[in-house]
Every structure is written in C-alpha cells, then in structure tokens.
Amino acid sequence: MADGLEAGILCALRQGSGEGLARLDSQIVSVIHRIHDCSVQAALAISGGGSQALAWLLAVPGATRTVLEVTLPYSYAAFDRFVGFQPAQYVSPETAIVLATTAYRRARLLAAEGTPAIGLACTAA
C-alpha cells in the first residue's frame, strides 16, 4: 500500500494520464525517492523507449536535486548533432556509451563545484 505522498503521485498520474500511460506503483516511487536522495546530479540523454522512465523520474518530488538537464535527441539529425557524428547503429551498447559520455560532459559543466555528476543515456527503440 502506498503512503500519502505515493498515493498522491499515483492519483495525479491517473487523473492526468491517457490510456497507454503505465501506472507509477509504489516500488517505482520508492526507488526514485532513493535516487533523488543521493548527492549525485545527472544530465540525461534519452532517445526512443526511455521517455517513460524519464516521466517517472520527473514525476516524483525531488527531481530538481537530481536532474541537471534532459536532452531528447529524437530525430537522427538531433542525435547526430548531440554526439557529434552519425553512429553506425543508433540503438546499440556502443552508441549508448557515446550518448552517456556526451551527457556526462554536460553534467560536469552544469553541476555545482564539488558535486558528483553523471551522464545517463538510453537508446532504446
């Protein structure tokens, strides 16, 4: 059973969601709270299938402590420009590493001095 905060998030998501939006359950909310409670800040680069996880991350209070920036290089042109070249394959472990590395560079630019920063990426189809 969800606590008051989690129940409020579930209710808000249900009220504002369309048919296809997955329900944000209490286990997901609990994991995201733990992420937001870390001192690490992140720049995220999400393409394709990772957009739902991004919506979950931002739906839980505390995202402003965690998320520095989100980039959604969705088209091929946007993706190529973000990483600086056209990858041989857009959805692959190698491309995800390049995307995360680019996001990490952004995180280092945006994070407060001395704050741990990471770059996270998803290239799912």
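A: Contact here means heavy atoms within 4.5 Å. This is a predicted model, in which local features need pLDDT of at least 70, side-chain atom pairs count only at pLDDT 80 or more, and totals for chains, interfaces and linings use all residues. Residues are numbered from 1 along each chain as its sequence is written, and side-chain values use heavy atoms, with hydrogens and water left out.

Q: In which helix is the place of Val 98?
A: Helices (H or I, at least four residues) and strands (E, at least two) are DSSP runs, numbered from the N terminus. Val 98 is placed in helix H6, residues 93-110. Val 98 and Gly 84 are 14 residues apart in sequence, and their C-alpha atoms are 9.7 Å apart in space.

Q: Does one call Val 98 buried, exposed or partly exposed, and why?
A: Buried means under 20% relative accessible area, exposed over 50%, and partly exposed in between (1.4 Å probe, protein chains only). Val 98 counts as partly exposed because its relative accessibility is 27%.

Q: Is Thr 66 buried or exposed?
A: Thr 66 counts as buried because its relative accessibility is 6%. Thr 66 is in helix H4, residues 63-66. Not counting residues up to four places away in sequence, Thr 66 touches Ile 35, His 36, Val 40, Gln 41 and Ala 42.

Q: What is the order of the strands in the open sheet?
A: Two strands pair if DSSP finds at least two bridges between them. The open sheet has three strands in the order E2-E1-E3, with parallel pairing. Strand E2 (67-71) and E3 stand at the edges with a single partner strand each, so one side of each has no neighbour in the sheet.

Q: How many bridges join E1 and E3?
A: E1 and E3 pair in the parallel sense over six bridges. Leu 44 stands opposite Leu 120 in E3.

Q: Which strands does H6 touch?
A: Axes are lines fitted to C-alpha atoms, for helices over the stretch in contact, and angles run from 0 to 180 degrees between N-to-C directions. H6 packs on the sheet and touches E1, E2 and E3, and its direction makes about 145 degrees with that of E3.
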